[in-house]
Amino acid sequence: MEYGTSRDDVGIAIRSAFLRKSSKQKFSLFALIFLSIFFLFLEAIDWKIVNQIRSLTKDTIYRGSLMVSYPTKGFSEIISLGNEHINLYEKYNQLKEDNKKLKSDISRNKFLELENSQLRKLIDEKSTSSINDKFARVMLDIQSPYLNSFIINVGGNQSIKNGMAVLHGKNFIGRIVDVNYFSSRVLLVSDLNSKIAVLVEPSGSHAILSGHGEQLPTLEYLSKSLDIKEGDKIYTSGKEGIFSPGIPIGEVKIENKIVKTSLFSDLKQVSFVKIRVEDKTK
Amino acid sequence: MAGTFKNIRIKVFQSLPLIILFYISFKGSAVVDFNLFSINISYILVYYWVLRKPDILGYGYIFLAGIIIDVVFGFPLGVNALSLLIVASVAAYIRVVTVRITLLNDWISFIPALLIANFIFFISLYFTDFPIDYLYLFKNSAFTFIFYPFLWIFFSLISKLIEL
């Protein structure tokens, strides 16, 4: 008898918690849980109307997120401006040295450019693709623990498509994974889900650059017979047929016998990016 | 005049949990990531307010905040909304079956809320083919639990200001 009463109590408590709406609640928990599950099922559906609504929702939330981040952005800008003023003299000396070094490098680069163009003529290289880069601003840089990604301010309106390579300067930093009408998500090479086919030079070894949610992605499936040294350069290999080959990514850094990649671009300092739109029909 | 001022003050403090929830959702700070650990602030916030003052944090707002977190963090739509609603469900059930309000009671009853919500989170991501670091998820749950009393004190302060 007592058992029955306690079971009734549990039933009443569950009904009260899940189904009954209090005076100020407009929805019951049960209805909203059901709606969330319905949303999850919608993720698997690829209908045009559903995609459009999803894209519109995401665009709206990204704009809201951008607006919310303005005050903190402004505050951190003021702090960094103050820090820059404090370190002005130190920076001036550093820039003087950098300038000296760059001047000596320019003459060397000019020679290499000339040599490169002569070699290209020699092998009669024919361009198989015309490259048309699109520029975008990083709207939101939310380094989520689950997803290392950026939101950029171009999307379907600028013919951006999933899988396109995203560059910071000349360096590869990620690829487009989600396109809305006015915005897109860039999955960075450091993300857990990022796997890129790469080439390690000068050994010519092929490998997979694999992100782990940390700053330094690792090189996997490296041939053991090839000698990989610290400082070797890493480029996209283009083997997967998505990205063009030869886009610089970073250089080899060996830590505890694990071959890692020190990226050429600091992912925390990226404000503008280039999206490589390639017309392979030409 | 004094009555009007008091009403405004109460309204402001009553809206504070909702403002914090939407702020952290839009800002992408629902999960605060430190170098060694991370804390899911949205779970604690939803659990505390649904348990203590359910009229302040409507379930519809919790659902909306979950959708915003999903979009901002790049999860499939509905994953965080569902896990936040699960936290709210456990809190609503605990509210019905308990009488005494103590930090210890709240803290212990937060364990099933956290476990069920993260299990649902894990299952939803598993079925939507979204790979995540499971060790990270485990550490996140553990530190969210450890951090609960700190936010409990902070929210209790807000709660007292509403009642004043």
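**View 1. Helix 3 against helix 4 within chain B of this predicted model.** Here the two helices of chain B pack at an angle of about 145 degrees, and their axes sit 7 Å apart. Helix 4 covers residues 79-97. Look for the right-handed crossing where helix 3 of chain B passes helix 4 of chain B. On the helix 3 side, the contact residues are Tyr59(B), Ile62(B), Phe63(B), Ala65(B), Gly66(B), Ile67(B), Ile69(B) and Asp70(B). They meet Val79(B), Asn80(B), Ala81(B), Leu84(B), Leu85(B) and Ala88(B) from helix 4 of chain B. Sorted by class, that contact comes to 11 nonpolar, 2 polar and 1 charged residues.

**View 2. Helix 3 of chain A meets helix 3 of chain B.** Now we hop between chains: residues 48-86 of chain A and residues 59-73 of chain B form the two helices, packed at about 90 degrees with axes 10 Å apart. So helix 3 of chain A runs roughly perpendicular to helix 3 of chain B. Chain A brings Thr57(A), Lys58(A), Ile61(A) and Ser65(A), while chain B answers with Ile68(B), Val71(B) and Val72(B).

**View 3. The side of chain A that touches chain B.** Zooming out a bit, 39 residues of chain A are in contact with 37 residues of chain B. On the chain A side, the elements giving two or more residues are helix 1 (2-18), helix 2 (29-43) and helix 3. Helix 2 of chain A gives the most, with 10 residues. By class, this side of chain A splits into 20 nonpolar, 12 polar and 7 charged residues.

How values were computed:
Residues are numbered from 1 along each chain as its sequence is written. Chains are lettered from A and ligands numbered from 1 in the order in which they are written. This is a predicted model: local features need pLDDT of at least 70, side-chain atom pairs count only at pLDDT 80 or more; totals for chains, interfaces and linings use all residues. Axes are lines fitted to C-alpha atoms, for helices over the stretch in contact, and angles run from 0 to 180 degrees between N-to-C directions. Helices (H or I, at least four residues) and strands (E, at least two) are DSSP runs, numbered from the N terminus. Angles under 35 degrees count as roughly parallel, over 145 as roughly antiparallel, 65 to 115 as roughly perpendicular and the rest as oblique. Two residues are in contact if their C-beta atoms, placed from the backbone, lie within 7 Å. A crossing is left-handed if the near helix is turned anticlockwise from the far one by less than a right angle, and right-handed if clockwise. Ala, Val, Leu, Ile, Met, Phe, Trp, Tyr, Cys and Pro count as nonpolar, Asp, Glu, Lys and Arg as charged, and the others, Gly among them, as polar.
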